[in-house]
Amino acid sequence: MDYLRQEIDGIDKELLELFQKRMKTCAELAEYKKKKEIPILDESRERQKLAMVTEQSEEGMTDYNRNLFGVVMDLSKAYQQKLNRAHSEWEKVISEAIENTEKTLPKYPFVACQGVEGAYSQIAADKIFKTKTNIMYCTDFEGVFAAVDKGMCRYGILPVENSTAGSVNRIYDLMTKYNFYIVRALRLRIDHNLLAKHGTKVADIKEIFSHEQAISQCSQYLKQFPDVKVTVCENTAVAAKMVAESERSDVAALSSRSCAELYDLEMLDKCVQDQENNYTRFICISKNLEIYPGSDKTSMMMSVSHKPGGLYKILSRFFVLGINLTKLESRPIPDRDFEFMFYVDLETSVYSEEFIQAVCEMDNICESFRYLGSYSEVI
Ligand SMILES: C=C(O[C@@H]1C=C(C(=O)O)C=C[C@H]1O)C(=O)O
């Protein structure tokens, strides 16, 4: 073993020297490309290179060699991009946003939320702004996007994913339709409770109202009511309100503790969600790019060429830059068969070199690209 390891060490030394020599040559080429305004990526050259590698490979080694050279060329492009980046448009836009944004979120802005008083979005808004801020309630999620887009509200609060039920697809679909930036995120612990009017007993219940996400988060619990009708409504707070205002005494809602207080309902059962640790992530959106201090998450949205390896190309850039992905979501692009829009959340400080480089590179290599902002996530 010692002998073979020594052998490997010797080979690695040569590999390292050769790799660095290759990178330095690429740097010279990058300078030439910059002068002549030639793009860094040259796909036909890469294809030729891989053909050469295939031809020169020993039997059984072709796939390994092609993979190795794929990574080597990715690293070479990352290095060239870094050297040639100079002052890209994105760098300017982002540093101006950092400079022009206040140090903290405003205190009492007008905020759009879906639902009615007591909705989880409203609880999220109060947590994000740390005050009972001014809220405009919209009947659906699209109303929140539109209120921000038209300048009726400075911010909008939207739930994007739940730890039990997964992504809120409707929001991801609406993201393609509206321009906005994310300025803050919040992880909110969600406890659902069975609420009914005073006097109603569990055995009396014939119908339970709630939002589809809440119903899905309580699916185990609901199995004990096989004969009860479960009805979806637009919001858990709307469900509580409906129960409170109903003439019937055989209805209940799956809703929050604060709605029990707000609508004077009794909690027949507490914390009935299937997973004890049930979290929902909310985003706070604005029309303009605002980047507050401490922003260490970034979201972006892109479409890539509909070819094998399209997504790999993107992911390999993050890998090369050492950036961790915390979310990858794909949604079909309307009217385009099996073509997808990808949404990624990255863990990277807005002040880091890798961050700027990732934004610039994505803008270059994606078919379409949108930077959705940098922000911090609070609990
Ligand atoms: C080095 C170059 O830039 C890029 C990197 C390549 C490589 O590392 O071999 C090949 C083609 C280009 O996409 C080049 O243009 O030759």
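1. A crossing of two helices counts as right-handed if the near helix is turned clockwise from the far one by less than a right angle, and as left-handed if anticlockwise; by this convention, α12 passes α13 in a right-handed crossing. The model is predicted, so that local features need pLDDT of at least 70 and side-chain atom pairs count only at pLDDT 80 or more, while totals for chains, interfaces and linings use all residues. Residues are numbered from 1 along each chain as its sequence is written.

2. The axes of α12 (residues 310-321) and α13 (residues 353-365) come within 10 Å and cross at roughly 160°, and the two helices are therefore roughly antiparallel to each other (angles over 145 degrees). On the α12 side the contact (C-beta atoms, placed from the backbone, within 7 Å) is made by Lys313, Ile314, Arg317, Phe318 and Leu321, and on the α13 side by Glu354, Gln357, Ala358, Glu361, Met362 and Ile365. These residues divide into six nonpolar, one polar and four charged.

3. Helix α2 (residues 43-56) has 14 residues, which at 1.5 Å a residue should span 20 Å, and its end C-alpha atoms are 20 Å apart, in agreement. This helix is hardly covered, since the count of buried residues (20 or more other C-beta atoms within 10 Å) among its 14 residues is zero.

4. Lys130 lies in the loop between α5 (120-129) and β2 (134-138) and, with 11 C-beta neighbours inside 10 Å, counts as exposed (12 or fewer). Cys271, in the loop between β10 (266-269) and β11 (279-286), is partly exposed (between the exposed and buried limits), with 14 other C-beta atoms within 10 Å.

Definitions and conventions: Axes are lines fitted to C-alpha atoms, for helices over the stretch in contact, and angles run from 0 to 180 degrees between N-to-C directions. Helices (H or I, at least four residues) and strands (E, at least two) are DSSP runs, numbered from the N terminus. Angles under 35 degrees count as roughly parallel, over 145 as roughly antiparallel, 65 to 115 as roughly perpendicular and the rest as oblique. Two residues are in contact if their C-beta atoms, placed from the backbone, lie within 7 Å. Ala, Val, Leu, Ile, Met, Phe, Trp, Tyr, Cys and Pro count as nonpolar, Asp, Glu, Lys and Arg as charged, and the others, Gly among them, as polar. The expected span of a helix is 1.5 Å times one less than its number of residues.
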